[in-house]
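Dear colleague,

Please find the structure we discussed handed over below. I would be grateful if you could read the notes after it with the coordinates open.

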Amino acid sequence: RAKGGGGTHNDATLRLFGKKESDVRVVLYRDHAAWCPYCQKTWLLMEEKQIPYRIEKINMRSYGDKPDWFLQKVPRGLLPAVEIDGKMMTESLQIMQTLDQMFPTDNMMLPYGDKAKMGLAQDLLGLERELFGAWCSYVFQPGERAKGLFESTMSRVDKALGATPGPWFLGGDYPTLVDMQYVSHIERMLPSCLYWKGMRIRGSGKYPNVDAWFAAFEERPTYVATKGDFYTHVTDIPPQYGPGQPVDAAAPFIPKIDGSAREGWSLPLPPLSGDSLEPVLECWNPGEEGARHEAALKLSEGGEKVSKFACRVYGGEVGKWRIQGGGMRSELADPGAPSDERFLEDVSTALRHVSNALINGHESCAAALKADLADAPKARKEAVLECLDYLRLRVSVPRDMSYPAARQLRAHIQWVMDAVQA
Ligand SMILES: N[C@@H](CCC(=O)N[C@@H](CS)C(=O)NCC(=O)O)C(=O)O
């Protein structure tokens with residue numbers, strides 16, 4: 001991934017698509033946590049068009065201060081930004097159009113030569129902003145006042161999708177800039193409407209063309225690699241847009257999505273499918289063992305860094321940065337928080353049990369875990385519990401791993417926590 005090969009992946013720092021490193025003219029600056037929807041669509045377009053580029057990850061404001069060297073290049077600190085032949089540019093829509101025209105490919109992202117189709121594309125880009133506005137009114141205002149507006153705008157989007165052949169907005173056999181403009185926001189609408197309003201969009205039968213369009217995106221490896229899971233989105237949305245306003249109908253969904261209930265977050269996990277609350281298409285479902293192994297690999301790649309991260313809990317800084325800064329800082333972010341290593345060995349041991357269980361299946365690891373905990377004093381157990389919980393709630397998709405793997409990791413951490421508590 002550092003050498004520019006392989007498929008779309010969050011960890012890639014160079015993308016060559018068979019070209020030479022000297023051919024790279026573009027640097028994409030995107031957010032470190034893969035939370036920003038504008039970065040996602042730009043990233044996706046570059047992957048779909050196979051434009052050679054380098055990636056620099058910059059944290060969002062909600063996740064810490066931006067590095068000075070970036071602020072010198074982009075004084076407002078906005079993401080995404082691209083540097084094309086040394087010239088900086090912001091605004092995702094302009095970036096995408098500029099890149100499309102600079103790098104002509106068979107899959108041009110807009111129908112530049114066709115006046116009527118360009119008109120349609122412009123109308124659809126306008127409708128996307130209307131949908132985004134209706135979603136903001138619905139999710140971030142109390143009650144259900146904007147529900148009707150959101151639903152009627154979704155229906156207009158559904159109708160627009162139905163007006164052309166195939167799954168994509170402009171017809172044709174590949175997604176264009178219009179599709180990319182919508183997808184990163186609709187991806188966030190699905191979990192947020194469920195989590196704060198109890199509204200199911202996908203599979204409700206109300207928007208069949210949107211369902212088919214989203215499924216067509218999910219068949220593309222480029223898109224799936226950039227996609228976040230429900231938990232990541234319900235935690236990344238408030239620091240960007242403000243708190244969602246829950247209604248009673250959301251109550252059954254909230255704990256399933258945010259991990260405050262055991263369902264979906266503890267073992268045994270029900271198998272994933274296209275019909276799960278959070279659907280996973282068969283073509284990307286690695287199965288239970290495959291997902292466990294991906295999680296174990298990522299955990300072992302992180303090594304001691306992961307244990308040290310979890311040990312921040314006792315460093316005395318957790319939560320402080322957020323309180324000092326007020327509303328728009330992520331609850332999950334503790335930039336620069338020191339780690340207190342008093343319990344590092346215990347946390348490392350606990351995470352070794354998580355890894356073993358992920359690799360071999362938890363049943364065969366229960367006895368070894370129990371034996372290790374038998375003589376541990378209460379204070380150490382309590383410390384391990386807090387550190388593991390801190391880590392469990394900070395597994396983010398796609399930043400850390402895929403959704404099926406993240407789900408396994410969270411549940412296996414919970415399994416070790418349960419044993420510690422018992
Ligand atoms: N209109 C801009 C919007 C970009 C934008 O709002 N970016 C947000 C992140 S989603 C940002 O950079 N905010 C500063 C920060 O959070 O660090 C675009 O389309 O690129």
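The notes below describe selected helices, their packing and a few individual residues.

Please bear in mind throughout that this is a predicted model.

**Helix α6 and its two partners**

Helix α6 spans residues 177-197 and packs against helix α7, residues 208-218, at an angle of about 105°, the two axes being 11 Å apart. Since angles of 65 to 115 degrees count as roughly perpendicular, α6 is roughly perpendicular to α7. On the α6 side the contact is made by Asp179, Met180, Tyr182, Val183, Ile186, Glu187 and Leu190, and on the α7 side by Trp213, Phe214 and Phe217. Sorted by class, the contact of α6 with α7 comprises eight nonpolar residues, two charged residues and no polar ones.

Helix α6 also packs against helix α9 (residues 230-241), here at about 95° and with 9 Å between the axes. That angle makes α6 roughly perpendicular to α9. From α6, His185, Glu187, Arg188, Pro191, Ser192, Leu194, Tyr195 and Trp196 take part; they meet Phe230, His233, Val234, Asp236, Ile237, Pro238 and Tyr241 of α9. By class, the contact of α6 with α9 holds nine nonpolar, three polar and three charged residues.

**Burial in helix α7**

Which residues of α7 are buried? They are Val210, Asp211, Trp213, Phe214, Ala216, Phe217 and Glu218. Their cover includes α6, together with α1 (37-49), α5 (147-162) and α8 (221-226). Trp213, Phe214 and Phe217, buried in α7, are also the α7 residues that meet α6.

**Helix α11 and its surroundings**

Helix α11 runs over residues 287-302, 16 residues in total, and extends 23 Å from its first C-alpha to its last, close to the expected 22 Å. Its buried residues are Ala291, Arg292, Ala295, Ala296, Lys298, Leu299 and Gly302. Because these cover an arc of only 165° around the axis, they lie on the same side of α11. They pack against α12 (304-310), α14 (344-360) and α17 (403-421). Just after the helix, Gly303 adopts a positive phi of about 55°.

**Individual residues**

Gln408 is located in helix α17. With a relative accessibility of 3%, Gln408 is buried, because the cut-off for that class is under 20%. Apart from neighbours within four places in sequence, Gln408 contacts Leu267, Leu269, Glu288, Ala291, Arg292 and Leu358. Of these contacts, Ala291 and Arg292 also belong to the buried set of α11.

His353 sits in helix α14. Its relative accessible area is 9%, so His353 is buried as well. Leaving out residues up to four places away in sequence, His353 touches Ala368, Leu369, Asp372, Trp415 and Val416.

The C-alpha atoms of Glu282 and Glu219 are separated by 9.5 Å, although the two residues are 63 residues apart along the chain.

Yours sincerely

Notes
Residues are numbered from 1 along each chain as its sequence is written. This is a predicted model: local features need pLDDT of at least 70, side-chain atom pairs count only at pLDDT 80 or more; totals for chains, interfaces and linings use all residues. Side-chain values use heavy atoms; hydrogens and water are left out. Helices (H or I, at least four residues) and strands (E, at least two) are DSSP runs, numbered from the N terminus. The expected span of a helix is 1.5 Å times one less than its number of residues. Buried means under 20% relative accessible area, exposed over 50%, partly exposed in between (1.4 Å probe, protein chains only). The arc is that of the directions from the helix axis to the C-beta atoms. Contact means heavy atoms within 4.5 Å. Axes are lines fitted to C-alpha atoms, for helices over the stretch in contact, and angles run from 0 to 180 degrees between N-to-C directions. Angles under 35 degrees count as roughly parallel, over 145 as roughly antiparallel, 65 to 115 as roughly perpendicular and the rest as oblique. Ala, Val, Leu, Ile, Met, Phe, Trp, Tyr, Cys and Pro count as nonpolar, Asp, Glu, Lys and Arg as charged, and the others, Gly among them, as polar.
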